[in-house]
Amino acid sequence: MAQKIFSGEIKNHLLLFISASSDQFKPVLDDYRVVAPEFKGKVLFIYIDIDNDDNLRILEFFGMKTEDCPGVRYISLGDDMTKYRPETADLSIDSVKGFVQSVLDGSIKPHLMTEEIPEDWDAKPVKVLVGKNFADVAK
């Protein structure tokens, strides 16, 4: 299944990570299914059941833990596999729709899995660079 999804024509994917055994499963998935048709042909909507141990590696790939679920992440499978995280944990129809549209519009920045910038990052001759300060300092 993963091969079919990731090698398909649609390179933009929204992944919903959720426990199929949770009380939230049906209402959250129902809302997710309301939003999906609005982005047909542009974004592939997928849900990942976190109860399946095989799916935990996908969760980890997005820097998530089971405690973060239910939650969504967006990935663009272009040349650099860009990931996006919503600014809120809200999974309402309007929130999910707004998040996807913001990614497509380019009005939301990619999510970089990075550490916080240390307070003393530039106190010594060797500077400490993390994802959040790399572009500012290295360029």
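Predicted model: local features only at pLDDT ≥ 70, side-chain atom pairs only at ≥ 80, totals over all residues.
**Entry 1**

I found an open sheet of four strands in the order 2-1-3-4, with mixed pairing. Strand 2 and strand 4 (82-84) are the edge strands, each pairing on one side only. From one strand to the next, the twist averages 25°. I then looked at what lies against the sheet: helix 4 packs on it and touches strand 1, strand 2, strand 3 and strand 4. The direction of helix 4 makes about 20° with that of strand 3.

**Entry 1: strand 3 and its partners**

Next I followed strand 3. Strand 1 and strand 3 run antiparallel and are joined by six bridges. Going along this pair, I saw leucine 14 opposite tyrosine 74 and phenylalanine 17 opposite glycine 71.

With strand 4, strand 3 pairs in the antiparallel sense over three bridges.

How many of the six residues of strand 3 are buried? I got five, so strand 3 is largely enclosed by the rest of the structure.

**Entry 2: the nonpolar cores**

I turned to the interior with a general point in mind: in soluble globular proteins, nonpolar side chains tend to be buried together. Here the largest nonpolar core has 20 residues. Those with the most contacts inside it are Leu14, Leu16, Phe45, Tyr74, Phe99 and Val100. Strand 1 (12-18), helix 2 (25-35), strand 3 (71-76) and helix 4 (93-105) each give two or more residues to this core. Helix 2 gives the most, with five residues.

Leaving aside neighbours within four places in sequence, I found tyrosine 74 in contact with Asn12, His13, Leu14, Val43, Phe62, Thr82, Lys83, Tyr84, Phe99, Val100, Val103 and Leu104. Another core, of 11 residues, lies apart from the largest one; Leu15, Ile46, Cys69 and Leu77 are among its members.

**Entry 3: the salt bridges**

My search of the whole structure gave two salt bridges. As a reminder to myself, side chains of opposite charge can pair when their charged atoms come close.

In one of them, the side chains of aspartate 30 and lysine 26 meet at 2.8 Å, N to O. Both residues lie in helix 2, four residues apart, about one turn of the helix.

Lysine 97 counts as partly exposed at 25% relative accessibility, and glutamate 38 counts as partly exposed at 44%.

Last, I checked glutamate 67, in the loop between helix 3 (56-61) and strand 3. Glutamate 67 has a relative accessible area of 61%; the cut-off for exposed is over 50%, so this residue is exposed. The side chain of glutamate 67 makes a polar contact with the side chain of threonine 66, at 3.1 Å.

Notes: Residues numbered from 1 in each chain as written. Heavy atoms only, no water. Core = buried A, V, L, I, M, F, W, Y, C linked by side-chain atoms within 4.5 Å. Buried < 20%, exposed > 50% of the residue type's maximum accessible area, 1.4 Å probe, protein only. Contact = heavy atoms within 4.5 Å. Salt bridge = Lys/Arg side-chain N within 4 Å of Asp/Glu carboxyl O. Pairing = 2+ DSSP bridges. Axes fitted to C-alpha atoms, helices over the stretch in contact; angles between N-to-C directions. Polar contact = N/O pair within 3.5 Å; in protein donor to acceptor, adjacent residues only side chain to side chain.
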